[in-house]
Amino acid sequence: MTNDSGKPSTTTRRGALKTLAAGAGAASLPLWARYAQAQTSEPIRIGFQVHRTGIGAAYGRWYDRTTTAAVDMINAAGGINGRMVEILAEDDGTDPKRGAEVVEKFANQHNCDIGFGTLFSHVVIGSAPRAGELKLPYFVVSEGHHVASGMLNRYTLQPGITDVKSQVQAMAPFVSQNLGKKVTMIFPDFAFGHDHRDYFTAAIQEQGGEVVAQIAIPPTETSFTKYFPKIPRETEVVYHVMVGPAVLTFVKELGEFFGPSRPEMFGFIDSLEAVDMASPGLEFLEGTYFWEGNPRYAQTDQSEYDKLYRTAVGVDENGASVGDPKDISTYAHMFGCWETLYVIKAGMEAAGYQGPADRAKLIEAVEAITDMPHSNEHPQGTKLFNGKTHQVFGPQYISRVTDGKLIVVHTTSIEDTMYPDEVDYTTQPL
Amino acid sequence: MEIGPYLMLASLEGAVTAAVLALTAVGLSLVFGVMRVVNVAHGEFFMLGAVLAWWITSLIGGHPALGFAVALLVVPVLVGLLAAAADMTVLKRVAYDPERTIVATIGILYILQQVTLMTYGADARPVEPPFNTRLALPWVEFVGGKLQLYWPWGLSTTSYKLAVIGAAAGVLLGVWWGMTRTKVGLLMRATQMDRDMALAFGIPVERVYALVFGLGAGLAAMAAVLIVPIQQAHYLMGGDPLLLSFIVVIIGGLGSLPGTVVAAILIGLSDGIISVFFSPTLAKILATLLVALVLVFRPQGLFGVRRA
């Protein structure tokens, strides 16, 4: 309820004075004094909007590590258009209002070329309009359907991670054919959860199933048992997706509620991202199914690309940090940062990007991208980008908990995830 | 789920909330009653209790019960000492002036929260319960005119949740005994009734204040140690307990221990039951509404004594 009360103030009087002084100093220099070789040696500055604190902190930590690894690799290979990439990270506290301020800082204070990296859907929705006004290309890694739904603007793109609508649409046939037709949904009560609610309900109806109850839980909630009696007795499948700091409590209490007589369960791995599958109280998950954006455990048919990506980010075969087996990654989501950065690189190279004056050219160049083959740049799988809706499409994984590990049992095709366009951003002026 | 088992589950969940809330709120009420200090940092002492419990249990290892037992004994003392130090270094310096103490405790709130964020980090971390058996609960139904027991889906609690209720009740009895039957309690009550007169009779009021502030924070920390195996330790977890404690203390009457306990049970149970039947947001709305009504019609609280 008062979770956002403890934000550190981003500006202090002293800090503001320093910035002013620095700004005045910089302005008084002749332009040539800064970079004698004009644009060529100046780094490309990517503003990284990261959830360091607040309910998205676990994701933020891993988005940060993935981004750092990808940028190191890009720079080691010569950067973008011969220029090094520099990341300017700003914490948004997983808060929409601060998100918009961070975008503003990127554009006006840090002189970033682009903004990048936002995950939580309410923060994206709060920040994207400002990015559009400032004409700052804003590459989100969010999963929300808000990009492809047409809610945002031409400057906001999601080229590195698939959206909820396509994910749930690809899951519905599996759920109805293998687990049951009567589904109770439990989801977080904000934009991302509402995408699940709306699009899965529609998708399962198409498969001849039905959603018998929809239980919305605030993402800041810390105790969950009180919500579970609303699960109707006739439920065959519990569909759960939860985010926030208390996800482990959520799943544990779900197990305690059902005891030995649980229905079938299908979860989005969000419910257990950054959580050790071996945590006490999770034993009941054995035999249940999870959607994974990218398989956390290295599978027997692991690709060369995943091997390289996993090593570069510092993740072991169980999806944990190489340095600390208790530090579990957000493996199903964070690949999006890696892939998005490579899309930015491809876009900037195609546009011959030189500086902020070329931002519109960059947008057009990314819109022109279509196929992204399975590669070191796209370790999660082959993807297809839709320049009109600014949304990428790709494979989805369904894993079963077997001996406490997530083993992939089904991989959907890109076609399973496609749906008709809802917007054509290319018709909007740049 | 049918109405009967539903209500029973809601009451059990509510009882756990009430138990923890009672401990936290009694701490807040004690501090206000004796010192007339509105401690806005109370929720952060709660949070600190949970975080330290995680730290101690992960430091000790071995059987989870061992680490938990140590945490239960050590953490409230540590937090209490920290609070007493804050009292002597901060609150005493502003002469316990009501307005300035509020501002000062807001400052303490942010310091504790941000130091935790900088050291412990932004993650929620679990503490393993010392014991945790799922107890399925039976319910009765009429089958062919005969009463018989059955086990409805989902009607269950855990042994640990029952233990939390028991432990909280025990600690509260201890506090009551301490306040009414011991010399220290007598000194506290004397200070509460009239600070100047107590001082005139040679009661070391400043030391009593430090003790009470430490005790209040220690109770919040104890509540947090009890709840942390059910929830998780997180640097932002102090917000809700603070708000609910204020609600409880206002309804029960500032400074009245029995009033605080009764109000905690009222709020905890109604929160459990209303959340289960309607929505958790409605439960919070009704609790806040109740506060408004109490403030309008009975400003001293249900059990408070009107002061001249």
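## Sheet and chain contact in a predicted model

Start with the sheet: strand β1 (residues 44-50) and strand β3 (residues 114-116) of chain A run parallel and pair over three bridges. Strands here are DSSP runs of E with at least two residues, helices are runs of H or I with at least four, and both are numbered from the N terminus; two strands count as paired if DSSP finds at least two bridges between them. Within this pair, Gly47(A) has Gly115(A) of β3(A) as its bridge partner.

This is a predicted model, where local features need pLDDT of at least 70 and side-chain atom pairs count only at pLDDT 80 or more, while totals for chains, interfaces and linings use all residues. Residues are numbered from 1 along each chain as its sequence is written, with chains lettered from A and ligands numbered from 1 in the order in which they are written.

Zooming out, β1 and β3 belong to an open, parallel sheet of five strands in chain A, ordered β2-β1-β3-β4-β5. Because β2 (85-91) and β5 (156-157) of chain A each have a single partner strand, they stand at the edges with one side lacking a neighbour in the sheet.

What does each chain give to the contact? Chain A puts in 28 residues and chain B 32, with contact meaning C-beta atoms, placed from the backbone, within 7 Å. On the chain A side, these elements give two or more residues:

| Element | Residues of chain A |
|---|---|
| α2 | 57-76 |
| α7 | 247-258 |

The largest share of that side, five residues, is from α7(A).

Conventions
Contact = placed C-beta atoms within 7 Å.
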